[in-house]
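Student: I have a structure to go through. Can we take its features one at a time, with the general idea before the case?

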There are 2 protein chains.
Amino acid sequence: MASEILVIEDEQNVRRLVRIALQRDGFSVLEAEDGKTGLQLFAAENPDLVILDLMLPGVDGWEVCREIRARSSTPLIMLTARGDEVDRVLGLEMGADDYVVKPFSPRELVARVKAVLRRQGAQDNHADEPIVHPGLVINPAERTVLLDGQPIRLTPKEFDLLALLAAHPGKVFPRERLLQRIWGHDYWGDERTIDVHITRLREKLGRNSGAREYISTVWGIGYKFEVAERK
Amino acid sequence: MASEILVIEDEQNVRRLVRIALQRDGFSVLEAEDGKTGLQLFAAENPDLVILDLMLPGVDGWEVCREIRARSSTPLIMLTARGDEVDRVLGLEMGADDYVVKPFSPRELVARVKAVLRRQGAQDNHADEPIVHPGLVINPAERTVLLDGQPIRLTPKEFDLLALLAAHPGKVFPRERLLQRIWGHDYWGDERTIDVHITRLREKLGRNSGAREYISTVWGIGYKFEVAERK
DNA sequence: AACAGCGCTTCCCAATTTCGTAAAAAGGGG
DNA sequence: CCCCTTTTTACGAAATTGGGAAGCGCTGTT
């Protein structure tokens with residue numbers, strides 16, 4: 001299953017170089033020579049990864065990055081002209097997954113594309129598979145939860161929290177990471193917010209149906225999902 | 001957990017700047033002012049990442065890079081004086097993971113360090129691999145510890161201490177370094193504090209189950225982890 | 001072998017940090 | 001404007017942590 005990559009870059013030669021390098025490694029390539037076209041193609045084709053030049057005519061790279069991040073978490077690699085360090089740092093903070101400084105070797109770019117895709121793929125592998133635990137079934141595709149066979153109503157944040165934790169039973173999620181994964185990399189709120197959602201989740205999950213505790217506190221760190229246990 | 005970074009750089013001012021910037025972001029820093037010392041420290045401490053100046057007195061940067069690459073795949077960021085394309089390409093082909101051109105801003109360097117670690121960390125979760133010793137299994141991902149198959153409850157500091165020591169069996173950790181790695185560079189407490197935590201760890205680890213001693217005292221220095229031994 | 005000196009171990013308790021939860025405030029569709 | 005969700009705030013409860021001090025053990029010396 002070849003990944004589809006959208007290249008947004010105004011210099012034709014660079015674009016061609018990148019396309020050839022990517023295609024040689026089996027990727028499928030879409031090209032756009034300005035931000036507007038790029039966003040349209042993005043919306044229409046929903047590619048697996050975007051390579052984005054910062055210096056673009058018309059809608060500039062920042063704007064494109066923002067737009068893409070606003071509506072998806074598709075991996076994004078930035079191309080930046082050498083020397084403006086601000087671009088690099090801000091790029092990472094804007095939500096780019098990696099960046100490459102011009103001029104670059106096509107081989108290096110391909111290596112980074114693969115690295116980013118691998119990283120991504122490792123994280124949300126079975127994105128839509130139901131998550132099943134004793135007495136608890138979570139269905140991400142439908143965003144529904146069954147507790148002892150009975151459907152329960154969760155709010156969006158509650159669902160995301162539960163789905164993330166339950167998808168990795170036993171693994172500890174520091175609050176910081178939960179904020180990053182569920183609230184997004186640019187969220188600047190209080191970590192105590194998580195506690196409140198956890199409290200409500202526990203309430204909906206369990207108090208009624210026996211002395212079960214799905215979500216346990218890891219002191220000084222965060223929370224983790226654990227298979228049901230009797231106390 | 002705080003990553004440990006080795007900075008090999010001859011100019012004291014640059015070294016200091018880098019150290020301060022890294023420490024402010026929670027990294028633990030080792031310094032070397034020439035290639036020879038750098039390689040020794042590398043071998044002794046096995047840091048999580050190396051920042052390497054190309055222009056060094058004595059053994060030069062290329063040589064250091066080669067040596068490091070010859071025996072490990074620890075991430076490496078190069079500092080290069082000029083914006084010579086040659087340096088850069090050679091550097092990447094020599095096995096550097098990134099490079100930074102002097103003069104650079106500390107913020108940029110820290111951003112690159114994080115990016116490289118993130119890229120790295122996603123691939124080989126070395127940091128989260130379980131640490132296994134006879135009768136003792138430590139799982140950093142879950143922050144759990146099994147002693148003779150039975151789970152035991154450790155506090156955050158206890159766990160961090162045990163994980164750090166057990167990850168480097170036989171290696172002596174001076175109190176000073178333990179404070180730096182676990183409490184952070186800006187901690188100003190008493191070194192006796194460590195003793196207290198070690199005491200409590202030993203208690204939880206062992207008194208009951210035989211004359212085993214996992215953590216041994218190195219008189220006048222600090223502590224180390226040793227494979228179980230009967231007395 | 002006894003001794004002195006210094007470092008280590010342990011006990012104890014107070015200070016600090018972190019957590020859970022309630023309640024209030026803020027945000028966001030319809 | 002109302003209802004539902006989310007975020008902030010506040011505070012008591014719980015757990016962890018740090019430092020003092022007494023006692024023990026190691027080391028090198030006499």
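Tutor: Begin with strands: helices (H or I, at least four residues) and strands (E, at least two) are DSSP runs, numbered from the N terminus. Two strands pair if DSSP finds at least two bridges between them. This is a predicted model, in which local features need pLDDT of at least 70, side-chain atom pairs count only at pLDDT 80 or more, and totals for chains, interfaces and linings use all residues. Residues are numbered from 1 along each chain as its sequence is written, chains are lettered from A and ligands numbered from 1 in the order in which they are written, and side-chain values use heavy atoms, with hydrogens and water left out.

Student: In which sense do β11(A) and β12(A) pair, and over how many bridges?

Tutor: Strand β11 (residues 215-218) of chain A pairs with β12(A) in the antiparallel sense, over 4 bridges. Within that pairing, Ser216(A) is opposite Lys224(A) of β12(A). The hairpin formed by β11(A) and β12(A) has 3 residues between its strands, and Gly220(A) has a positive phi near 80 degrees there. β12(A) also pairs with strand β10 (residues 172-174) of chain A, antiparallel over 3 bridges, where Pro174(A) faces Gly222(A).

Student: Where in chain A is confidence lowest, and where is it highest?

Tutor: pLDDT is the predictor's confidence in each residue, from 0 to 100. Helix α4 (residues 85-94) of chain A has the lowest mean, 55, while strand β12 (residues 222-225) has the highest, 97. Chain A as a whole has a mean pLDDT of 83, with 85% of its residues at 70 or more.

Student: How many residues surround DNA strand D?

Tutor: A residue is near a molecule or strand if one of its heavy atoms lies within 4 Å of it. For DNA strand D the count is 27, and Thr155(A) and Trp183(B) are among the closest.

Student: Which protein atoms lie by the phosphate oxygens of DNA strand D?

Tutor: A polar contact is a pair of N or O atoms within 3.5 Å; within protein, one must be able to donate a hydrogen and the other to accept it, and residues adjacent in sequence count only if both atoms are side-chain atoms. A side-chain N or O atom of Arg153(A) is 3.0 Å from a phosphate oxygen of DNA strand D. His197(A) has a side-chain N or O atom 3.1 Å from a phosphate oxygen of DNA strand D.
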